[in-house]
Protein chains: 2
Amino acid sequence: MLAVTPEEMKFLTEQEVKEGVRLACFFKADHDLEVAFIEPSEGMVILSHFKPVPFHLNPLIRFENVEVSKPILSDVRGDMEGIWKALGGKYQIGLDVLTRLPIVLRKGNWAIDVSIWDNKEIIRIESESHPLEGYGLAIDLGTTTVVIYLYDLTDGKQVGYLSFVNPQITMGEDVMTRISYSLENPEGLYTLHETLKLGLNSSIHKLCKNCQIDPLKVDELTIVGNTIMHHLLLGIPVAYVGKAPFPPVLQHEFDLHASDLGLDVNPMANVHMLPLIGGFVGSDHVGAILAADIFESTENHLLIDIGTNGEITLGNRDTFLCCSVAAGPAFEGGHLKHGMRAVEGAIDSFEMDDSSTRIKITTVGNVPPIGICGSGYLDILSEMLRLNYLSPNGRINPKIKAPRIRKGLSGLEFVVVWSGEKETHQDIVITSDDIQELQMAKGAISCGIKILMEKRKVDEVGEILLAGAFGNYLRPEAAKAVGLIPKGAEVVPIGNAAGYGAILALLSREKRLKAQEIAKKIKYIELASEPLFQDKFMEAIPFPNQE
Amino acid sequence: MLAVTPEEMKFLTEQEVKEGVRLACFFKADHDLEVAFIEPSEGMVILSHFKPVPFHLNPLIRFENVEVSKPILSDVRGDMEGIWKALGGKYQIGLDVLTRLPIVLRKGNWAIDVSIWDNKEIIRIESESHPLEGYGLAIDLGTTTVVIYLYDLTDGKQVGYLSFVNPQITMGEDVMTRISYSLENPEGLYTLHETLKLGLNSSIHKLCKNCQIDPLKVDELTIVGNTIMHHLLLGIPVAYVGKAPFPPVLQHEFDLHASDLGLDVNPMANVHMLPLIGGFVGSDHVGAILAADIFESTENHLLIDIGTNGEITLGNRDTFLCCSVAAGPAFEGGHLKHGMRAVEGAIDSFEMDDSSTRIKITTVGNVPPIGICGSGYLDILSEMLRLNYLSPNGRINPKIKAPRIRKGLSGLEFVVVWSGEKETHQDIVITSDDIQELQMAKGAISCGIKILMEKRKVDEVGEILLAGAFGNYLRPEAAKAVGLIPKGAEVVPIGNAAGYGAILALLSREKRLKAQEIAKKIKYIELASEPLFQDKFMEAIPFPNQE
């Protein structure tokens, strides 16, 4: 094999070289090779926990032992009719069940186990085995990361979970670039659809293997995702969802058989796609509202799910309003000089003394810092505001003499970590441009919150629920200090609320119906069509005056 | 190309040789060839007509023009939701419709045509075109022959039809040998299923092409067939249907999407498999009863459908009884010295003068006779009985001196046509063994009729309805003379009643429901489990005494 080149060495650690890691862009395949991909999610923090809410275990899948009386010459009936008779009613059946039926029935000596979906359809039959077995998957289909939870549907217990980077990421980092990919490439839509499906299948296989579960015993899947992920999984063209007025192709909940989607579980398993609210507010947000358990509340709650697009919901059981804000990628580290996602080496919290000489940081994975992620930026901004390094308009105060403030290539910048400090090999900075980007992002979110509060005629909210990774790791005081969220309210991080919403819909019929009610009743506010939106957005950009 | 060998010449006509017909078993392929198969149905009489009954045109498919209001920024809704709103209700949809929806809707400038099945599911959408178009196929899936009727569902008119030999015939001539094939061959079931499906697809394609219809505009198919054909089309194992107590896997009607079966029409088209009565009485007989229009009658009717298996139904609207009789292949010419199917050259009617010197025959296709088919045999037997050549016990009367009676290799035989007579090149005979076979077949049928009449406590029936090809071509007087059917009753041939039943179920919701009622209410009598069945069968074998 060709030796590692000096160019490759720039990108690889010694450990990686030792383990045989090579870069495909540098490596010339000169003989037959076995290639294994490094899991791109390794070292990445994917939020998979959540804040549980009470619910009654009542999945749509029911398992039954059925004893069928053998047909005799004077009383012949069909195999299926025998099962219906034993069950006390007629159920739908698919070809997969029908073609296996005569063999399974006789193998089980006329006693079989059946999985029934929604009191309507027999979706699986097995020669009798004790105890009854059946599983469900709840899937949170993120633009960047996908989380799959595996549950035992007989007792509602989590069996395991697995997260992975959405393999579509090579076709675009965000939904807009994926829409473009679908339009600009021959079979772009098909490629996006197939890539996601293959990724799901391989991860489902892996998760089931890890948990020693037969994937063919997975009887139901509930799936949440933003509108584009929802459409791409189903193979629905997304061309028009990306253009004003951004209409989705389908908003309602949608049920189909796993075989129709090509998912490698029980082919007759039901795939339940939770309903969407609109082109920019997907079923992931419906899931988050469900998980936040605020839909019946008499008090006003504010639910914020910040990602590349932020979704905000405000209201109480009388009325709920929601909107989508184009926060941009700043809080995920995008477009920022040393910005990065919350992966290993990202500074995720920051404090400094009043002279900014000594700093206290934490990083993801507790390794030397290599960049800054969203929650880190919020801390840095709030500390800079506290020490008056930063004026409300977002400019680094030129009158302040502080060791970490220096002139950079494009104006003043603040050195978060010096090279050599905290074992890093380079200066890690936040530039004036970075601050502007972050201001725009926080402005978009706080403007959205303000408009909802105005529309809903609410002066203050008792509780702010933060969903998602950024919301989970940020320091509420920092978020309030920079004006991202209103002061005064109690902040409750609720973890991967979207994913938990999918879990609730998997385990509880009532919760699933509630999700449909949420999607139906919630009022979507299109910010762009609000009068004076632009003015309100401009007003929301400055940082608050510090006390 | 190698010349035609003398061996091949024995089997080919001059015309065939001229046309390039060769026999695969003799021909050695020594270079690349294009091969075309001769349609095996050519020259075969396949019954495709029927006796129409009144019904109200009311197919389960409904066509609608839909104008959808364009979404605007202040009122965004999903594409699907727009259609539901315009239709005034929510309908099921499949992935095929959903993935085409955004494109079709905009191509049609927000006006589209939809096909709705059963007031439940949108199964096709098209950019608006006038007039609305949509078709249906009614299929009679016979063991030997398949007939496909194409109907315009907007006006209920027949567009065309096509019949072909069931391509499974190379895997067994009757249902029992096909069951064996499915058991004895690796992937036997799959082969039978695929062969039938491919045959259907190629014929559907051909029929649609002949009629200049786009197969993707076929929105529904109704299918009748015996239990084995029904199961094999669906790919259901038939192993147990062939063993006592002969339980089918499913008796009820069954609806599925064409794509689930792999039929090349609108993938979301509904395939409606009519219900079965039992292992030996399939949906073809349900269709025949529906077509006979006897289910509401106050009078008792006898419906007989004679093929390899005969199905017999007797009753009036109070109670209907049915049974299946193992008539064997004699009436289709099987196991008889000069027996043949009703294909070109088969003697299908026969008369002779009292001295048996002069005969009057007709043949299928009006060509010189080469053998005898079912209706021909009935005529011959009745003429032999009339002239006392044959005694009731089925023996050729040795005391009769008649020119056509002679000693054959195994007892006496009757020469139907002499070599040279009627331009034939060989003596065509009916042997003593033939007569025994025919007696057994007619005994099976008349015994079935008698048992049903006894059970139903009916002494005579007003009308006998004869379904199928044999029933269509036989001479009622001959059938009565040999004792196949009771004397006195009026005989009405009703043509391809099974196929017509499928047509009725295609065009009328009421008729489809009626078919379900028929399958549910009719009482199946298993002859083999009747007390004294063997005795009754023996009694039914002799011919009646002639007046």
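This is a predicted model: local features need pLDDT of at least 70, side-chain atom pairs count only at pLDDT 80 or more; totals for chains, interfaces and linings use all residues.

Biologist: Great. What rotation superposes chain B on chain A?
Modeller: A rotation of 180° does it, with 0.1 Å of shift along the axis and an RMSD of 0.1 Å. That is the relation of a two-fold axis. The two copies also use the same surface, as 100% of the contact residues of chain B recur in chain A.

Biologist: Which residue of chain B comes closest to the rotation axis?
Modeller: That's B:Asp260, whose C-alpha is 4.5 Å from the axis.

Biologist: Let's switch to helices. At what angle do H3 and H4 of chain A cross?
Modeller: The axes of H3 (residues 79-87) and H4 (residues 95-107) of chain A cross at roughly 75° and come within 9 Å. An angle of 65 to 115 degrees counts as roughly perpendicular, so H3(A) is roughly perpendicular to H4(A).

Biologist: And which residues make that contact?
Modeller: From H3(A) you have A:Asp79, A:Met80 and A:Ile83. H4(A) brings A:Leu98, A:Leu101, A:Pro102, A:Leu105 and A:Arg106. Sorted by class, the contact of H3(A) with H4(A) has six nonpolar, no polar and two charged residues.

Biologist: What about H10 and H11 of chain A, how do they pack?
Modeller: Helix H10 (residues 374-386) and helix H11 (residues 432-455) of chain A pack at about 105°, with their axes 12 Å apart. That makes H10(A) roughly perpendicular to H11(A). A:Tyr377, A:Leu381 and A:Met384 of H10(A) touch A:Asp434, A:Ile435 and A:Leu438 of H11(A). This contact of H10(A) with H11(A) divides into five nonpolar, no polar and one charged residue.

Biologist: Is H9 of chain A buried or exposed?
Modeller: Ten of the ten residues of helix H9 (residues 283-292) of chain A are buried, so the helix is largely enclosed by the rest of the structure. Among them are A:Ser283, A:Asp284 and A:His285.

Biologist: What happens just after H9(A)?
Modeller: A:Asp293 follows, and there phi is positive, at about 60°. For background, most residues other than glycine have a negative phi.

Biologist: You mentioned A:His285. Which residue's side chain makes a polar contact with the A:His285 side chain?
Modeller: The side chain of A:Thr313 does, at 2.5 Å. A:Thr313 is found in strand S12 (residues 310-315) of chain A.

Biologist: Is A:Thr313 buried or exposed?
Modeller: Buried, with a relative accessible area of 0%. Leaving aside neighbours within four places in sequence, the contacts of A:Thr313 include A:Ile289, A:His301, A:Phe320, A:Leu452 and A:Ile522.

Biologist: Now a loop, please. Where does B:Thr170 lie?
Modeller: B:Thr170 is in the loop between strand S7 (158-165) and helix H5 (175-184) of chain B. B:Thr170 is exposed, with a relative accessible area of 66%. A polar atom of the B:Thr170 side chain lies 3.3 Å from the backbone oxygen of B:Pro167.

Biologist: And how far is B:Thr170 from B:Ala291?
Modeller: Their C-alpha atoms are separated by 31 Å, and the two residues are 121 apart along the chain.

Biologist: What is the phi of A:Ser356?
Modeller: A:Ser356 has a positive phi of about 60°, although this residue is not a glycine. A:Ser356 lies in the loop between strands S14 (346-352) and S15 (359-363) of chain A, and counts as buried at 1% relative accessibility.

Biologist: Last one: what about the phi of B:Asn388?
Modeller: B:Asn388 has a positive phi of about 65°, and B:Asn388 is not a glycine. B:Asn388 is found in the loop between helix H10 (374-386) and strand S17 (405-408) of chain B. At 46% relative accessibility, B:Asn388 counts as partly exposed.

Note on methods:
Residues are numbered from 1 along each chain as its sequence is written. Chains are lettered from A and ligands numbered from 1 in the order in which they are written. Side-chain values use heavy atoms; hydrogens and water are left out. Copies are superposed by least squares on the C-alpha atoms of residues with pLDDT of at least 70 in both. Contact means heavy atoms within 4.5 Å. Axes are lines fitted to C-alpha atoms, for helices over the stretch in contact, and angles run from 0 to 180 degrees between N-to-C directions. Helices (H or I, at least four residues) and strands (E, at least two) are DSSP runs, numbered from the N terminus. Angles under 35 degrees count as roughly parallel, over 145 as roughly antiparallel, 65 to 115 as roughly perpendicular and the rest as oblique. Ala, Val, Leu, Ile, Met, Phe, Trp, Tyr, Cys and Pro count as nonpolar, Asp, Glu, Lys and Arg as charged, and the others, Gly among them, as polar. Buried means under 20% relative accessible area, exposed over 50%, partly exposed in between (1.4 Å probe, protein chains only). A polar contact is a pair of N or O atoms within 3.5 Å; within protein, one must be able to donate a hydrogen and the other to accept it, and residues adjacent in sequence count only if both atoms are side-chain atoms.
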